[in-house]
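Colleague: I have a model open and want to learn how to read it. Where do we begin?

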Amino acid sequence: MSEQEYKVRVEHLTKYFGDLHVLDDVSFNIKKGEFLCVVGPTGCGKTTFLNLLTRIYMPTKGELYIDGEPADPKKHSLAVVFQEPSSMPWLTVEQNLRFGLEIKKLPKNEIDRRVENIIKLLGLEEFRNRYPHQLSVSTAQRIIIGRAFALQPDLLLMDEPYGQMDIKLRFYLEDEVIRLWKEIGTTVVFITHNIEEAVYLAERILILTNKPAHIKEEVQVDLPRPRDVTAPDFIAIRNHVTEQIKWW
Ligand SMILES: Nc1ncnc2c1ncn2[C@@H]1O[C@H](COP(=O)(O)OP(=O)(O)OP(=O)(O)O)[C@@H](O)[C@H]1O
């Protein structure tokens, strides 16, 4: 595969925090438009990987490339959704959704269109004029997800985004992220503890070892969509991934 077909290249990525060795010589690529899930034991360095990709931290050794260039969030069109809701408390829901688009200086009618679409998609109509502190945790998180979706990024990084949600909303938003992925062809890196969620979403699952983490296995998920969590093929992959993590 040629270099232009990769959205992200991770080469010999190593990270220490002081004496703590978190990532150990990790190398892999993410294809343009791929949906990759990353799973692994608690504390193995999954969030650290995203923080290196967005340059919150610098690698101790190795490098990450986006579109062939060293990762630089100022240069690339990327959006991040963390587990903790992090909307701007002084802005209403609607203003929060508009914020990133206004910074990007999109035309007003395009901002209106995208924001209305997201409000409808995520069922936020009744919350439009509320402030984040007036919302439940799961509704506040929907704002963050909506903000990321509205940006229509080339690269969407999601760190346990549905961890705090009830199962119904989680299923709904899993389907929404698939819809967005298909519609705008974004590349998605999705971190989760939930193996069923990983098998439901991913084209490929990267299983990390305990820290210092390296890649234990890559699992290709070639099941048709929408996926059936009760199908024997689905359960076989889920059990296999679970086995790989239980190994610790
Ligand atoms: N800024 C930091 N300074 C020192 N240690 C850190 C820092 N950030 C993360 N760590 C440590 O690095 C290790 C990996 O943390 P990280 O949050 O990346 O793991 P994770 O796989 O995302 O965990 P979880 O599964 O619980 O979400 C942990 O031991 C954590 O305490």
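Modeller: Keep in mind that this is a predicted model. Begin with a helix against strands. α1 lies across β3, β6, β7 (155-159), β8 (187-191) and β9. Its direction is about 150° to β7.

Colleague: How many strands does the open sheet have, and in what order?

Modeller: Read a sheet from one side to the other. This open sheet has six strands, in the order β6-β7-β8-β3-β9-β10. The pairing is mixed.

Colleague: Which are the edge strands?

Modeller: Look for strands that pair on one side only. Here they are β6 (78-81) and β10 (215-220). From one strand to the next, the twist averages 15°.

Colleague: In what sense do β3 and β9 pair?

Modeller: Take the two strands together. β3, residues 35-39, and β9, residues 204-208, pair in the parallel sense. Four bridges join the pair.

Colleague: Now the ligand. Which residues are around it?

Modeller: List the shell, then trace it back to elements. The shell holds Phe17, Leu20, Val22, Gly40, Thr42, Gly43, Cys44, Gly45, Lys46, Thr47, Thr48 and Lys211. Two elements, β2 (20-31) and α1 (46-53), each give two or more residues.

Colleague: Which element gives the largest share of the shell?

Modeller: That is α1, with three residues.

Colleague: How do the shell residues divide into nonpolar, polar and charged?

Modeller: Sort them by class. Four are nonpolar, six are polar and two are charged.

Conventions. Residues are numbered from 1 along each chain as its sequence is written. This is a predicted model: local features need pLDDT of at least 70, side-chain atom pairs count only at pLDDT 80 or more; totals for chains, interfaces and linings use all residues. A residue is near a molecule or strand if its C-beta atom, placed from the backbone, lies within 6 Å of it. Ala, Val, Leu, Ile, Met, Phe, Trp, Tyr, Cys and Pro count as nonpolar, Asp, Glu, Lys and Arg as charged, and the others, Gly among them, as polar. Two strands pair if DSSP finds at least two bridges between them. Axes are lines fitted to C-alpha atoms, for helices over the stretch in contact, and angles run from 0 to 180 degrees between N-to-C directions. Two residues are in contact if their C-beta atoms, placed from the backbone, lie within 7 Å.
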